[in-house]
Each structure stands twice: as C-alpha cells, then as structure tokens.
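Hello,

Here is the structure I promised to pass on to you. Have a look at it first, and my notes follow below.

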Amino acid sequence: MIERYSRPEMAALWSERAKLDVWQEVEALALEGWGAAGVAPLGAGAAVRSAPPVEVTAWKERESVTHHDVAAFVDVLAASMQTHGEWLHYGLTSSDVLDTSLGATLRRAGRLLEEGLNDLFEVVRRRAGEHRDTVMIGRTHGIWAEPTTFGVKLAGWAFALDRHRARLARAIDAVSVGTISGAVGTYAHVPPSVEAHVCGRLGLVPESAPTQVVARDRHAEFLTVLALIGAELERFAVEIRHLQRSEVAEAFEAFAAGQKGSSAMPHKRNPIRSENVTGLARLLRGWAVAGMEDVALWHERDISHSSVERVALPDACLALDFALHRMTRLIDGLVVDAARMRANLDATRGLVYSQAVLLALVEAGLERDAAYRIVQRHAAAAWDEGVDFQASLRNDPEVPIDDERLTACFDPIAQVAGAAVVFDRLSELEI
C-alpha cells in the first residue's frame, strides 16, 4: 500500500524488517521444540535468538544468488550464528516458516483492525445517542418517505459494526493457524510436538490437515470479512455524501482552518474523506476476489498464491486500517445541521405523514383502498400544485376525522416515539 494510506503501526507489521524477525522467531521456536524432543542441542534455539537480526540488504543480496527467499534467509542467518548453525531449519520446509509466520502476522494485524473497529463503534454509538431526537426525513429510493431521526440512522450503523466485530473475530481465529509439518504435510521429518511448541508460543493453532501449506480458504475468509467491513464503511460514506449535497445540506464533514475544497472554486466544501473511503472499499472487494482465486492450489501446494498474498494481504489490512480510522474521525467531527433537517422535513408540505393519515381513515371506518385513494389524491395535489397536504385534507368532506385527529397525524415526534426501543437495544451492546 502506498504511504498515503498506510498508518505507521500497521505498516510496521508488514515491513520487510518485521517479516524477517518473525521468520527468525519461528526458526528459534522450532529448534526449541527439537531440543525438547531430545534431537537438537538444547541451546540451539537460544543460538538463533542471540544471532543478529538478518539485514534486509544482506538477505536480498543472497536471494539474488539463490532465487529463493527462505533459502537465502537461512543461509544468512546460519552464517551469523555463533553456534549450532548447522541445525537451523532442521526438518522444515519453506512453507512451514512462511505460513506460520503469516499466521502470526495476520493475527497481530487482525488485532489492530479490531481496535479500529471498536473505536469506530464507540464513536457511532455515542453520536447516535446525541441525535436520538434529531428529527429528519427518512428517504427510500432517494424520495421522501416518513420522519426518522439521525440517531436512529446512526444506531443502525452501530449495530452493523457490532456484527462486523463478531465476523472479524471469527476471521482472525481462522487465520491464526500455523504448520510445522514438512514437505507434504505428513510430519515425515518433524514430529507434531515441534509444531505444537511453535504454534503455542505464537498464539496459533496447528492446521488440522496441512498439505505443506495452510488451507487458503482461511485467508479468503479473512479478506472477504475485510471487504464486508469496507462495504459497510462505504454505506456510511455514501450516506454522508448524499446528506452533504448542496440541495440537502443536512450533515457535513468537518472543514479545517486553512483547508481548501477546490483549487478553482473557493466556495467548495467537498466530502473528500467519504469519497476516499468509498474508493478504498472498492479495492478491498478486489482483494477478496483475489483471495478466493488462491484457494485452488495444485495437489499439496504450488506458489500461485504467493504473489497474490504478498500484495493482497498487507494492502487489505493497511487499507481497512486507514479507512476505519478515517471514518472514526469523520463521524466524530461530523457537523449535523438539525435546523436544516427540520426545515427539509417541513418543506415536504406534510407528504411524509401520508401513511399516518391512511391509518387514521381506516380506523375511522373507511375501506383501505378507498382511504388510500383519498390520501393519494390529496398527495398528488401537494406534489403537483404545491398545496399544503394537511390543509387539503381538512377541506375534504370525504375525510371522516376531526381536526384534532388529523393534526395528530402530522406530529413528527409521535412518529418516531416507537424508535426508543432501538436505543434500548443499543445500550445493551458491549464494547
């Protein structure tokens, strides 16, 4: 991922330096396991740890000769060990190191994403509470529907984020897997006890039936969940973009002192952060598809997945990490114009209360279709002629309800009173 969309902590996890450090730790743990099995010298694992970290430049220079990244790493590390270098990588194959290290890195990256998701959830839930009574127009198909509140809208977002928290936790578990099982995963040259030691120390579980590699449906699931979270963030972003449209003007991204919305038009305040998140969500969906393509490997393994994962896994983690934090800041600072929301609601000339009137007419004894036709006729007049919907209904002798009952139909607070249950449910969610 380019630096522009990379936050330092996540970027550090996926750096070449971090990768080599995890490889070295896996090699050290494997020799500890061999030592406990009475095969390798007991000090072999410590010898790996006491060796200097493999320098990235030295590793790349050696790889230019070996044309094999793990073999080059083993050569450089073994040469730097004071003792027991001959035992390095004993009984292992490259995928043992690569996949187990990848499992450890994905577990750490997943925990960072969980932190970002939790932070966003808390901000959205807090702002939902702030605006539980901020009445606005609900829209379906982009058209006026019925009154809602901005808090109800945000509460729906919070519940979605809570569902994604559960999905992400499962996906992290799915990829927190390693294997130290040898060339075709049969433990022919390495006992399961070595694998258990390595995975246990790294917080991983052994792959149930390795085929030299960890099954790639795990990584596809992880990437798919990241894409799902990205799609949710895009939903939030698209809503904010619509609400910031000049004709709507109900909510706005914060605009910093000195910020410029356009190089040409000084009046511009564009929803650039929301648009940025929308674009990152598109990338996440692409990487999810790439992950699915990696599931079908030849026989016990090939490396067609390798080039994909070197890009897709780190970039997906970096992109979602960035998008989560951007959306958190965006919603935390979102400017909500409650007066404009109410003005837009009033500008509907009462049309958004048509269902309340329909139900009142049914309660008064009219057949539903007859009541529907009366309300629809007056609604059409409000749309086409600009007349006030409530006044038009009041002057119609076919409307069999008194002024008090009719007026009650046009009360936005009464319309949203039932939504209190949403906030009761929201309060029960745990961080």
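**What I found**

Of the protein's 431 residues, 48% count as buried. Please keep in mind that this is a predicted model.

Overall shape first. The protein has 18 helices and six strands. Its radius of gyration is 30 Å, well over the 22 Å that the globule rule gives for 431 residues, so the protein is more spread out than a compact globule. Along the principal axes, the C-alpha atoms fill a box of roughly 100 × 50 × 35 Å. Among contacts with a separation of 6 or more, 76% come from residues 24 or more positions apart.

Helix α6 (residues 94–130) packs with helix α9 (residues 217–244) at an angle of about 20°, and their axes are 13 Å apart. With angles under 35 degrees counting as roughly parallel, α6 and α9 are therefore roughly parallel to each other. The crossing of α6 past α9 is left-handed. On the α6 side, the contact is made by Leu102, Leu106, Leu113, Leu117 and Leu120, and on the α9 side by His219, Phe222, Leu226, Ile229 and Leu233. Sorted by class, that contact has nine nonpolar residues, one polar and no charged ones.

Finally, a single residue. Met341 lies in helix α12 (residues 338–346), and it counts as buried because its relative accessibility is 0%. Beyond its neighbours within four places in sequence, Met341 is in contact with Thr134, Val135, Met136, Phe150, Glu250 and Val336. Met341 and Leu243 are 98 residues apart in sequence, yet 9.7 Å apart in space, C-alpha to C-alpha.

Best wishes

Definitions and conventions
Residues numbered from 1 in each chain as written. Predicted model: local features only at pLDDT ≥ 70, side-chain atom pairs only at ≥ 80, totals over all residues. Heavy atoms only, no water. Axes fitted to C-alpha atoms, helices over the stretch in contact; angles between N-to-C directions. Helix = DSSP H or I, 4+ residues; strand = E, 2+ residues; numbered from the N terminus. Parallel < 35°, antiparallel > 145°, perpendicular 65-115°, else oblique. Left-handed = near helix turned anticlockwise from the far one by under 90°. Contact = heavy atoms within 4.5 Å. Nonpolar A, V, L, I, M, F, W, Y, C, P; charged D, E, K, R; others polar. Buried < 20%, exposed > 50% of the residue type's maximum accessible area, 1.4 Å probe, protein only. Rg over C-alpha atoms; globule rule 2.2 N^0.38 Å.
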